Amino acid sequence: IKRILHYEGNNGPDGVKRKSPSVDEPWHYIDPKKSHDRELLHMISDHIQNLAQALTEDNHERAAFEAAWLAHAIVDGLTPAHHFPLADTIEELFG
């Protein structure tokens with residue numbers, strides 16, 4: 001648990017956003033109105049595969065990273081605030 005929690009907060013996806021806004025940010029938003037919006041689902045699938053590989057290789061550090069980021073992606077994907085067409089609204093507000 002300690003290793004997993006290490007990769008949340010400042011060492012997790014939201015930490016990347018705070019440290020380097022708009023630079024290689026993990027995108028964990030989904031627009032449920034667009035059936036082709038699958039990026040979050042691909043990200044979740046990648047974390048599952050990477051976690052399985054890390055566990056198979058007994059790589060506890062990588063497994064902790066993948067578990068933390070996987071959990072974050074799933075929870076954000078289930079959060080209504082992450083269902084909003086954010087990019088369109090940002091462009092509208094600041095465009």
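These are my notebook entries on a predicted model of one chain.

**Entry 1: the overall layout**

I began with the secondary structure and found five helices and zero strands in the chain. Reading along the sequence, I wrote the pattern down as α-α-α-α-α. Next I looked up burial: the chain has 95 residues, and 32% of them count as buried. I also checked how far apart in sequence the contacting residues are. Taking contacts between residues at least 6 apart in sequence, I noted that 51% join residues at least 24 apart.

**Entry 2: helix α4 on its own**

Does the length of α4 agree or disagree with its residue count? Helix α4 covers residues 60–78, which is 19 residues, and at 1.5 Å a residue these should span 27 Å. I found its end C-alpha atoms 27 Å apart, so the two values agree.

Then I listed the buried residues of α4. Several are alanines, among them Ala63, Ala64, Ala67, Ala68 and Ala73. The list also includes Trp69, Leu70 and Gly77.

**Entry 3: α3 against α4**

How do α3 and α4 run relative to each other, roughly parallel or roughly antiparallel? Two packed helices are described by the angle between their axes and the distance between the axes. Helix α3 spans residues 39–56, and its axis comes within 9 Å of that of α4, with a crossing angle of roughly 155°. An angle over 145 degrees counts as roughly antiparallel, so α3 is roughly antiparallel to α4. I noted the crossing of α3 past α4 as left-handed.

For the contacts, I looked up both sides. From α3, the residues that meet α4 include Leu40, Met43, Ile44, His47, Ile48 and Leu51. From α4, the partners include Arg62, Ala63, Glu66, Trp69, Leu70 and Ile74.

Serine 45 sits in helix α3, and its relative accessible area of 30% makes serine 45 partly exposed. From serine 45 to leucine 70 there are 25 residues in sequence, and their C-alpha atoms are 8.7 Å apart in space.

**Entry 4: aromatic rings**

I counted two aromatic pairs. For one of them, tyrosine 7 with phenylalanine 65, the ring centres are 5.4 Å apart and the planes stand at 85°, so I wrote this pair down as edge-to-face. The pair links distant parts of the chain: tyrosine 7 is in the loop between α1 (2–6) and α2 (13–19), while phenylalanine 65 is in helix α4, 58 residues apart.

Are the two partners buried or exposed? Tyrosine 7 counts as buried at 14% relative accessibility, whereas phenylalanine 65 is partly exposed at 22%. Looking at the ring pairs together, I found that they link Tyr7, Phe65 and Trp69 into a cluster.

**Entry 5: the start of the chain**

Isoleucine 1 lies in the segment before α1 and counts as exposed, with 76% relative accessibility.

**Entry 6: a backbone angle**

Most residues other than glycine have a negative phi. Where does aspartate 58 lie? I found aspartate 58 in the loop between α3 and α4. Its phi is near 60°, a positive value in a residue other than glycine. With a relative accessible area of 55%, aspartate 58 is exposed.

Conventions
Residues numbered from 1 in each chain as written. Predicted model: local features only at pLDDT ≥ 70, side-chain atom pairs only at ≥ 80, totals over all residues. Heavy atoms only, no water. Helix = DSSP H or I, 4+ residues; strand = E, 2+ residues; numbered from the N terminus. Expected span 1.5 Å × (residues − 1). Buried < 20%, exposed > 50% of the residue type's maximum accessible area, 1.4 Å probe, protein only. Phe/Tyr/Trp six-rings, centres within 6.5 Å; stacked < 30°, edge-to-face > 60°. Axes fitted to C-alpha atoms, helices over the stretch in contact; angles between N-to-C directions. Parallel < 35°, antiparallel > 145°, perpendicular 65-115°, else oblique. Left-handed = near helix turned anticlockwise from the far one by under 90°. Contact = heavy atoms within 4.5 Å.
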